[in-house]
Amino acid sequence: MAKEISPSVRCIKPLQYTALAVRAKQITQELAQGVQKPYSELIQLIWGDPQNAGIQPLTFVRQVLAACLYPQLLNNDGLPADVRQRAQGLLEECKGGSLGSYTDLPGIPQVARQISEFITRRDEGVPSDPRNILISPGSQWALQNILSLLVHGGERAGRSGVLTPVPGHCTSIMSLVSVGGVSVPYQLSEEQGWQLRLEELNRALDAAKQVCRPVALYIINPGNPSGHVQSRESIQDVIRFASENRLFLLADEVYQDTIYTESKRFLSYKRVLAEMGPPFSDTVELASFHSASKGLLGECGFRAGYVELVNIDPAVKKHIYTIFSKDNAPTPGQIALSVMASPPVTGEASYDFYREETQQLHSLIKENVRRVHEVLNSLPGVCSQPVEGGAFAFPRLYLPPKAIDKAKELGLEPDTFYCLRLLETAGVFVSPGCEYEQKDGTYHIRFCIMAKRDTVEDLLTRLATFQTQFMNKFS
Amino acid sequence: MYCGQVQPIQFRKCLKAWHWREYEQVKYQVRAAVDGDNSRNCSSPRIDSSPLCSGRKEDAEMSQQHAVNGVLPKGKVLTLETMNPHVKKVEYAVRGPIVQRAVQLEKELREGVKKPFTEVIRANIGDAHAMGQKPITFLRQVLALCAYPPLLEDNKFPEDAKERARRILGACGGQSLGAYSASPGIECIRQDVSRYIEKRDGGIPSNPDNIYLSTGASDAIVTILKLLICGEGHSRTGVMISIPQYPLYSAALAELGAVQINYYLDEDKCWSLDLKELKRAVTEAREHCHPRVLCIINPGNPTGQVQSRECIEEVIRFAKEEKLFLMADEVYQDNVYAEGCKFHSFKKVLFEMGPEYSSTVEMASFHSTSKCYMGECGFRGGYMEVLNMDPDVKTQLTKLVSVRLCPPVPGQALLDMVVNPPRPEEPSYNTFIKERTAVLAALAEKARMTEDMFNTIPGITCNPVQGAMYTFPRVSLPQKAIDKAKEEGCVPDMYYCMRLLEEEGICLVPGSGFGQRDGTYHFRMTILPPAEKLKIVLQKIKDYHLRFTKEFS
């Protein structure tokens, strides 16, 4: 059998998750078979996946989708009038009036228009053109497509590099490596609440030039897993840096709707760029990504996202279109994007309920964030920066040297060892910081804070007990 | 002129058209391994600018501007010069310039511009619902129930649909379609798929661990190619594809920088696959690359040919001898119409050939929810089954699919119903069978109608549409038309199809997008328009063809 495969695929770092998931699955089976454990069920908050964590989908999204899927429901009085009207309008823009047909780029025309209107509203008037939007099977897919244009071959120093945050979203790094790119890490500053510092970007870029040809800068704002939300000044610094160093900006803004700190608000790269005026606003190339998977919608399983392109060379745009035209975004996900971009408005039948649901969800997460922060920082050997936005807590663990030695003895990363023990003894499935890269000698765990109240409370209780025992055992 | 109106990828089209003879040769012969510099020259805007191709000139100017304007190197980061040269070579004919022109014409019609037709008929892509095919009730009921579970209380939905929805939801994280699934797909759906394959193949075992659900079959195909393509220079991976082929393959190979090895199907023998031709292609290719993969599309796209059992056996023996990984694109497995034709899965034949083959030949087989009787393209459901893959390579495959997180869950749910349809004792069974039979019978009827009609047109010859959803008739073009096309900067069949679109509003894909023997011209047309409309379309093509031939005779 052939063993030879693509070196880019081989270079993708395997996820720690894979090993942990094997054990998690066994534990689930053991529990089902009645094996005695100190817990009766597993808590899994490993991904930013609110519905898996028991959060209910937004009713309006699902009603519209159901009516689109099964148009007989358009005559069903059980569904609110605005739901049926919305579904009708969307179906009219699908070929043959069916979600079963392919969509032309950029996607269902109405959805692309709604997205561009949404962006214009969000950016308080900075114009957006539907022709610069491309809907894809998830934002990660769009990112990979753009990377596949930016990144190309050469040996060693000739390879394309992309500056990526540490800690950062592991799947994006995997995407980058899978297309043959080099990931150039820049450290976020944990002590300053995971801020992005310009000196660090400069350092990273200089270091990178020895080993590759840096072409782009990848930013995640609000941060994953850091939870940091960038200020306008910070974004301006990044834009100037990109401009001076001729880097293409990749702005992963999928958590733009989830901000929990009163003092912070989300500012898009596109808006800040536009407001900086020339020479920046008409030169710096930017791709901004958003998704139906994140925010309050949380429809991860639908796989729909989009990219908006700013200042892209029209000749290149043609090729971007060709690449995107190969992958039609799944239509159910496009329906979800439609609601995300254009939720019910005052006067529509579903408005009140939609507002109630989203507000409840937002307060739930806000309360989760408060509790998580409070409990984590009360634990010995744990320190959590404020979670300003996003979907995750990413507390630092100060692991005792004996625990680190033990992990090394077992051939595990220290925080993977911690996660494995946590899974085994407390039935809590979270991911280790090494999955997302972290500063050498520091250890973290990441878990999703978009979950039901009692799930989060249960996790905190189990984690607190475990942490105390763990520290005692290894001190 | 026609090319000039075409928007996005006109530049390369035109460039290639300008060198059209060269183009045909370059494209349909084995490309030199990783033709780095050579290919860059090919598509660089610096070489000779054609006055006919306004798009191309525009590009050249744009690129020059960067060099001139930039006081310092302040131009764009991402330009035609700096972008990945492999991506530059990617073309996707079924959504290419002719389709973009169709979209434009539709827009003009909506805006009230007068045209010789009132609607654009898109017979370019296998998109059944777009052509008016109605969804299968049961599939949509279950999906609606899954999407909005409070409908489970609604007594208008049949019990078996509800039961199916509960089962699918039970297998989803958080009992919701909105949660991520495992990257290879929801486990119980993978099990259902493997049971379905076992049943299809008369009991030959299928292991759910070998099943990977995907975002449509194309995602799975690209994933396998991405995994297998490696090496540099003479050891660069070569991938054998049929000519004519489905452009997904050539596009993926271009993007991944693999060497495309063409083997020609025999038009005179109903587009059948000829072993001698496979041998010729692989032997020639060994001179400059490392052939590792053989792609087969059965039933054929665009050819509509259904392979015989003997042919499949020959292909398998060939793959074993030549140590090739077999990629069997079997998305049209339920679309077989012709008397005496039957779908044989590669897996079944492989296993019936005995352990010498069944335990050694590496293979991936692909299927999709977009075709067959469902035609649910928008959901992006699909799967692949991999066989005899090295365990280490399989680990790498599992890692690679995790980069996409997971296939769309609504598509996975849909796939589950396709592999696990209503049973005879269930309330939805009768309606389901009725709807399915009607779709397939109509397709069979349209396949016949298309073949018959085309064969009455002087200058068009058409092989029987044994399966799939397309016809790929051969068109003889008068020399004057060929000259005219060259003058216009178009490949001849593109010129033919573009004129047809402009004059009759019918959107077809020229044969050059799929590949064809030098000097032959074809187009691909789907047989999907409703019978009444198809009749009109065929008549219009006939009239057009006669007119066209007369004009250039």
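In the predicted model, the interface between chain A and chain B holds 4 salt bridges. Polar contacts between chain A and chain B amount to 41 residue pairs, both residues of each pair being at pLDDT 80 or more. On the side of chain A that touches chain B, the elements that contribute two or more residues are α1 (7-11), α3 (59-69), α6 (139-150), α7 (170-178), α9 (232-244), α11 (314-325) and α12 (331-341) of chain A. The greatest contribution to that side comes from α11(A), which supplies 8 residues. By class, the residues on the side of chain A that touches chain B comprise 37 nonpolar, 29 polar and 19 charged.

Contact between the chains involves 85 residues of chain A and 89 residues of chain B. The size of an interface is often expressed as the accessible area that is lost when the parts come together. For chain A and chain B, the area buried between them is about 7500 Å², of which 58% lies on carbon and sulfur atoms. Within chain A, the residues that lose the most area to chain B are A:Tyr102, A:Arg246 and A:Lys326, which together account for 10% of what that side buries.

Across the interface of domain 1 of chain A and domain 2 of chain A, 3 salt bridges are found, and a salt bridge is formed between A:Glu262 and A:Lys366, whose closest N and O atoms lie 2.4 Å apart. The polar contacts between domain 1 of chain A and domain 2 of chain A number 18 residue pairs, with both residues at pLDDT 80 or more.

Over all chains, a search of the whole structure identifies 65 salt bridges. In chain A, A:Glu124 pairs with A:Arg265, the closest N and O atoms being 3.2 Å apart. This pair links distant parts of the chain, 141 residues apart, with A:Glu124 in the loop between α5 (109-122) and β2 (133-136) of chain A and A:Arg265 in the loop between β6 (248-252) and α10 (269-276) of chain A. A:Glu124 counts as exposed because its relative accessibility is 54%, whereas A:Arg265, at 48%, counts as partly exposed. A network of salt bridges in chain A links A:Glu367, A:Arg370, A:Arg371, A:Glu374, A:Arg453 and A:Glu457.

In chain B, the side chains of B:Asp201 and B:Arg200 form a salt bridge with an N to O distance of 2.9 Å. B:Asp201 is buried, at 2% relative accessibility, while B:Arg200 is partly exposed, at 22%. A further salt bridge joins the side chains of B:Glu503 and B:Arg547, also with an N to O distance of 2.9 Å. This pair links distant parts of the chain, with B:Glu503 in helix α21 of chain B and B:Arg547 in helix α22 (residues 531-551) of chain B, 44 residues apart. B:Arg547 is partly exposed, with a relative accessible area of 38%. Helix α21 (residues 492-504) of chain B also contains B:Met494, which is classed as buried because its relative accessible area is 5%. The C-alpha atoms of B:Met494 and B:His545 are separated by 14 Å, these residues being 51 residues apart along the chain.

Note on methods: Residues are numbered from 1 along each chain as its sequence is written. Chains are lettered from A and ligands numbered from 1 in the order in which they are written. This is a predicted model: local features need pLDDT of at least 70, side-chain atom pairs count only at pLDDT 80 or more; totals for chains, interfaces and linings use all residues. Side-chain values use heavy atoms; hydrogens and water are left out. Contact means heavy atoms within 4.5 Å. Buried area is the accessible area (1.4 Å probe) that two parts lose on being put together, summed over both. A polar contact is a pair of N or O atoms within 3.5 Å; within protein, one must be able to donate a hydrogen and the other to accept it, and residues adjacent in sequence count only if both atoms are side-chain atoms. Helices (H or I, at least four residues) and strands (E, at least two) are DSSP runs, numbered from the N terminus. Ala, Val, Leu, Ile, Met, Phe, Trp, Tyr, Cys and Pro count as nonpolar, Asp, Glu, Lys and Arg as charged, and the others, Gly among them, as polar. Buried means under 20% relative accessible area, exposed over 50%, partly exposed in between (1.4 Å probe, protein chains only).
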